[in-house]
Amino acid sequence: MDFYKLNFIIQKFFINSKIIKIKMINSGLINKTYIVEHLYNGTKSKFILQSLGDIFESQEIVNINHKLITDHITKKISKNYFLDKMWKVPNLVRCKSNNLFSFKYKSEFWRAMVFIEDTLCFDFLEDEMMAYQTGIGLAKFHLICSDLDSSKLTNTIKNFHNTKYYIDQYIKTLKDYDFTQLDNSENKRIRNLVYYLSNHIRYVELLLTSIRNESLDYNVIHGDPKLSNFLFDVKDKYVASIIDLDTVCLGYLLTDLADCIRSICNVVGVDSKNKETVSFNVKYFKYFLNGYFSINSHENNYSYVFILEFIYLIIFELTIRFLTDFLQSNKYFNVKYKTHNLYRAEVQSMLLSSFLTQIPLLSNELHEIGVSASSNFVSDAQKFV
């Protein structure tokens, strides 16, 4: 951590700020994020300082989208929307030196956001009730953004959640890759993953075509609703906010549900120290959906028939993205060591295997909630077990 550099940037947002403490947040895979405690105008407080990753089409568009969303949520709150529980907004702080919401330092774009007090985030759930509250939190976010003027929203990442694009990138990267640069262990690990993925790719492509033919409705979605992007109230453990709004875009609600389920149902987290312990938790799946459907009804909504297909696709998608990023020298996701993304890909592949073995159980759980799973997928999934 370069304290002098960070202090220089902080002064652009908070002139004459006196830094007390800077703590780096390690859960983000794209942006570099810090919690800064400082003395400003005689008052001790905290804020979030963040360097935006270079994966975005435009850092300016990211902030325009962010303000559009937070303004919309703030307006809803002012009208007593969700008055039963406090909902807090991660508003941007305007830079004092240029009156914008970001400050460019060399090739980096930095921004500041309010720190949401009395909340906690988690990398994995503590119990079933947290899964239930996560479902409520995502449902509230979807409901509160359902009347957002999406014509003003610009996609910030090209081909985001375009599974076919990720497959094509993976195949091209694999074809051009020089395996002689790897040691025997890495070579074996990659070839095991390549073999595993090859058994799925053709079916995934058929499934994507089938889903496109269903003409499911597009809605405003978060885009990256992993567990660590939910802030829980310290005292009562309900979701008080959803952060990391840079990926908000138009998409299928099922993409958000599936990605959130993927995240919370991996009981040991994406960076588990022991990948052999990775499993898909059926109880968390059930409690999450019960929470979600307590806010957003599934009645008369045909799209929920495909929820298992979307979970399958999102876990496969992340597996192939992590592996591709490793093969491309870790250009997209932040890593702590050279084979980090390779390890992440292995974790996701094990999560996918665990998910597939439990398809009949998950189908039964959906039936109990009142959602019919696609019988074709339930049957097809058994071919991969």
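Helix axes here are lines fitted to C-alpha atoms over the stretch in contact, and angles run from 0 to 180 degrees between N-to-C directions. Helices are DSSP runs (H or I, at least four residues), numbered from the N terminus. The model is predicted: local features need pLDDT of at least 70, side-chain atom pairs count only at pLDDT 80 or more, and totals for chains, interfaces and linings use all residues. Residues are numbered from 1 along each chain as its sequence is written, and side-chain values use heavy atoms, leaving out hydrogens and water.

**Helix packing**
- H6 (residues 253-265) packs on H7 (residues 282-293) at about 140 degrees, with the axes 10 Å apart.
- In the contact (heavy atoms within 4.5 Å), H6 residues including Leu257 and Ile261 meet H7 residues including Phe285 and Tyr292.
- The contact residues divide into 11 nonpolar, no polar and no charged; nonpolar covers Ala, Val, Leu, Ile, Met, Phe, Trp, Tyr, Cys and Pro.

**Aromatic pairs**
- The structure holds 20 aromatic pairs (ring centres within 6.5 Å).
- Phe280 and Phe285 form a tilted pair, with centres 6.4 Å apart and planes at 50 degrees (stacked is under 30, edge-to-face over 60, tilted the rest).
- Tyr292 and Phe293 are edge-to-face, with centres 5.7 Å apart and planes at 80 degrees.
- Phe288, Tyr292, Phe293 and Tyr304 form one aromatic cluster.

**Burial**
- Phe280 is buried at 2% relative accessible area (buried means under 20%, with a 1.4 Å probe and protein chains only).
- Phe285 is buried at 0%.
- Tyr292 is buried at 0%, and Phe293 is buried at 11%.

Note on methods:
Helices (H or I, at least four residues) and strands (E, at least two) are DSSP runs, numbered from the N terminus. Rings of Phe, Tyr and Trp (its six-membered ring) pair if their centres lie within 6.5 Å; planes under 30 degrees apart count as stacked, over 60 as edge-to-face and the rest as tilted. Buried means under 20% relative accessible area, exposed over 50%, partly exposed in between (1.4 Å probe, protein chains only).
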